[in-house]
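Please look over the complex shown below. The report that follows takes up its chains and contacts in turn.

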Amino acid sequence: MLLEYAAIATMILVTALVAVIAVVLGSLFGPKRPHARKLLPYESGMTPIGPGTRRVPVRFYLIAVLFILFDIEIIFFLPWAIAFRELGWYGFWAMVVFNIPILIGFIYEWKKGGLEWE
Amino acid sequence: MSLELILFFVLAIIAIATALGMLLSRSAVYSALYLVVNFVSVAIFYLLLDAPFIALSQIAVYAGAIMVLFLFVIMLIGLETLGGELNWRQLVWPLAMGILLLVQGVFLVIQRVGRDVYIGQTGTQLSDPSLMARVLFTDYLLPFQVTAVLLLVAMIGAIVLSKREKSNQEA
Amino acid sequence: MTITDFSVILPVTLLTAWASILLLAELFLPRAQRPFLALLAALGLALTLGISLAQSAQEFAPGFGGMVVRDGFSNFLNVLFLLTGLFGVALSYRYNQRAQIERGEYYPLLLFSVAGMMLMGQAADLIVVFLALELLSFPLYILSAFAYPRPQSEEAGLKYFLLGAFASGFVVYGIALTFGASGSTDLARIVASVAAGSANLPLLTAGAGLLLVGFGFKVAAVPFHMWTPDVYQGAPTSVTAFMAAGAKTAGFAALLRVFGAAFPALAADLSPLMAILAAVTMLFGNLIAVAQTDMKRMLAYSSIAQAGYLLMAFAPFEIEAARTMAVAGALFYLLAYTLASFGSWGVVIALEKDLDRHLSIGDFAGLARRSPWLAAAMTVFMLSLTGLPPTLGLVGKIYLFRAVIEGGMVWLAVIGALTSVVSAFYYLRIVVNMFMREGEPAVEREWWLEFAIGAAAVVTVVVSLWPFPLFEWAEWAVMKLF
């Protein structure tokens, strides 16, 4: 049973390996000229002002929450899509009903300016 | 030992270690990263339990979306690192409770209380997402629809609490 | 999906749809038309109430393959929840304008919460119980923080959300263990598997214990009550009034349904635990309430104490005959509590002229001279919460105490009676303040508010004079439960 996932596991391993190799090769053969300034956080070439970790506005959070909500909606679409033919029109209408509240939520957040970056 | 058993123990160690790392790390971002690894190892547990759909949801929703939210919240609060050393005295009570729970669990296993625990129909039902879809759309149709309403309420909450009412220029 | 399925959840569906339409209506209504939304919300609740009453004559019917049911129990609670919603709207209408929290989302959220409560009353499957719990709690978390950026309101919302989410975790874990023990989340099938002896009883008890913790948070039973005073104090008063009555009733609906129907087999294990929980809650809630001077905190501790009296209904579960009476008594007491709670919070709203200043007990001084009717109504509510005649609270307590005594737990009834005497001290102190002390209380005159307070007071007194039909209804409601 587990062997079904062998291909995915191999791909993940190879990806990780390639990344590790790239880093290792770079550090082995690349030129090294350490300088204190190179270790500073990058701020478009300027000398950084203050700590690099500042508080960000709440709208990022709003976007993240809305993203999660629609993400959960999409997760429910997946099994439906797989069993689409078996479920037929019944499944279709069930999905439509499922989407009505979410559609209302979408209209609501659109009208309220939840999708705008003020 | 079968391959699955070996995999289970390796994952179990990773899952517990990352969970501890998340709790004990003094930097919120490190905690979040530990949590990602923890989520992924739990997702592989689901695969071992023959539930690929749940595994996929775990990765897409938890390791993906919820982690993004966590990072935003960390940046929002702006409290990335806790100052000072870990205060072990604070941990005494949680630790005592955790050990108590562990002893209870071990006790239950020794007593074999769990011998007739129902673990669902093994094999086919969970492993096949189309069968799961059929259950979702028949037996669990009502909970499925209620979930949509819950999502709507959560959406309202997110907007209400993060967006001020526009002052009088409204249509 | 059949016609029966649809008819079983018709009230919940209607209310949910109404709330959604209200949400959309708010988007397209101009700001000046906002008061109209309250009227629409009340109309939706009244319409649903009509349908629920029309359905009350119908027989027991399961829906969606046993996920939900419609029976006497759910009908009784549906009516109670819809009345809670109507009271909530009446109390909010002017208060929200005064507090400048008149955002259009208020009423849709209130309606969603009521829909969640109704679903809780109808749930016959632990999955639905959990979803209903979330559906009724989410809007309450949001509403508690509705008056942001007032720090107290934010604090209330955050505290309620964090502890509520924590409690939900207990509920989910309890459901998982119950499923592991019995192989089903369906209450009827859990009962069947216990009866057939195929269930794993230690695990089932553990699951039931976790569910008890989760619901204990919702109904604010000691020792899961810590959030109550801060949340009740910090949330907008109109929200607190709704929450104190609605969330508590819904929590007890879940407890009664799950523990009443699904776990009679565990009664020997759980009854002593429930009795201790009830005793501790009564003692703690009443004793701390005595020390309060802030009105909202006092009412919060009083609501904790009232949860203790309601928990007494779970103590005599071992005795078959006492069980029905106890649950019927609990339903009756829930109605009495809802009326008295809404009434007293309504009076608090009427007196809360300055919203940034906390209303203290001393602010009631001289209310009898300033507005005698309000003082009379408040007296009725205080008497009802204490359990003195002529009020519903007394009748409810008599029913509960009788069931407990018949269940063989005389000591619990004694504690109940003694703590009632303690509670008389702080409830009647307000009455004394209103009638005996001089003072100049500032009273808001609001028609809807006064109407709601008056209705609650009149029902509390009049029904208590002839309570038998109501108790028969409650008894009829629990007949099918066992």
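## Where chains A and B meet

Two residues are in contact if their C-beta atoms, placed from the backbone, lie within 7 Å. By that rule, 39 residues of chain B are in contact with 41 residues of chain A. Four elements of chain B each give two or more residues to its side of this contact: α1 (3-24), α3 (52-77), α6 (129-137) and α7 (141-162). The largest share, 13 residues, comes from α7(B). Helices here are DSSP runs of H or I with at least four residues, strands are runs of E with at least two, and both are numbered from the N terminus.

The side of chain B that touches chain A has 29 nonpolar, five polar and five charged residues. Ala, Val, Leu, Ile, Met, Phe, Trp, Tyr, Cys and Pro count as nonpolar; Asp, Glu, Lys and Arg count as charged; the others, Gly among them, count as polar.

## Basis of the model

This is a predicted model: local features need pLDDT of at least 70, side-chain atom pairs count only at pLDDT 80 or more, and totals for chains, interfaces and linings use all residues. Residues are numbered from 1 along each chain as its sequence is written, while chains are lettered from A and ligands numbered from 1 in the order in which they are written.

## Chain A

Chain A has three helices and zero strands. Its pattern along the sequence is α-α-α. The C-alpha trace spans about 65 × 50 × 15 Å along its principal axes.

The radius of gyration of chain A is 24 Å, whereas a compact globule of 118 residues would have one near 13 Å. That radius is taken over C-alpha atoms, and the globule rule is 2.2 Å times the number of residues to the power 0.38. Of the 118 residues of chain A, 16% count as buried. Buried means 20 or more other C-beta atoms within 10 Å of the residue's own, exposed means 12 or fewer, and partly exposed lies in between, with C-beta atoms placed from the backbone.

## A helix pair in chain C

Helices α4 (residues 72-99) and α5 (residues 106-122) of chain C pack at an angle of about 165 degrees, with their axes 9 Å apart. Axes are lines fitted to C-alpha atoms, for helices over the stretch in contact, and angles run from 0 to 180 degrees between N-to-C directions. α4(C) and α5(C) are therefore roughly antiparallel, a term for angles over 145 degrees.

## Arg31 of chain C

Arg31(C) is found in the loop between α2 (10-28) and α3 (35-55) of chain C. Arg31(C) is partly exposed because 14 other C-beta atoms lie within 10 Å. Arg31(C) and Arg103(C) are 72 residues apart in sequence but 9.4 Å apart in space, C-alpha to C-alpha.

Notes: Parallel < 35°, antiparallel > 145°, perpendicular 65-115°, else oblique.
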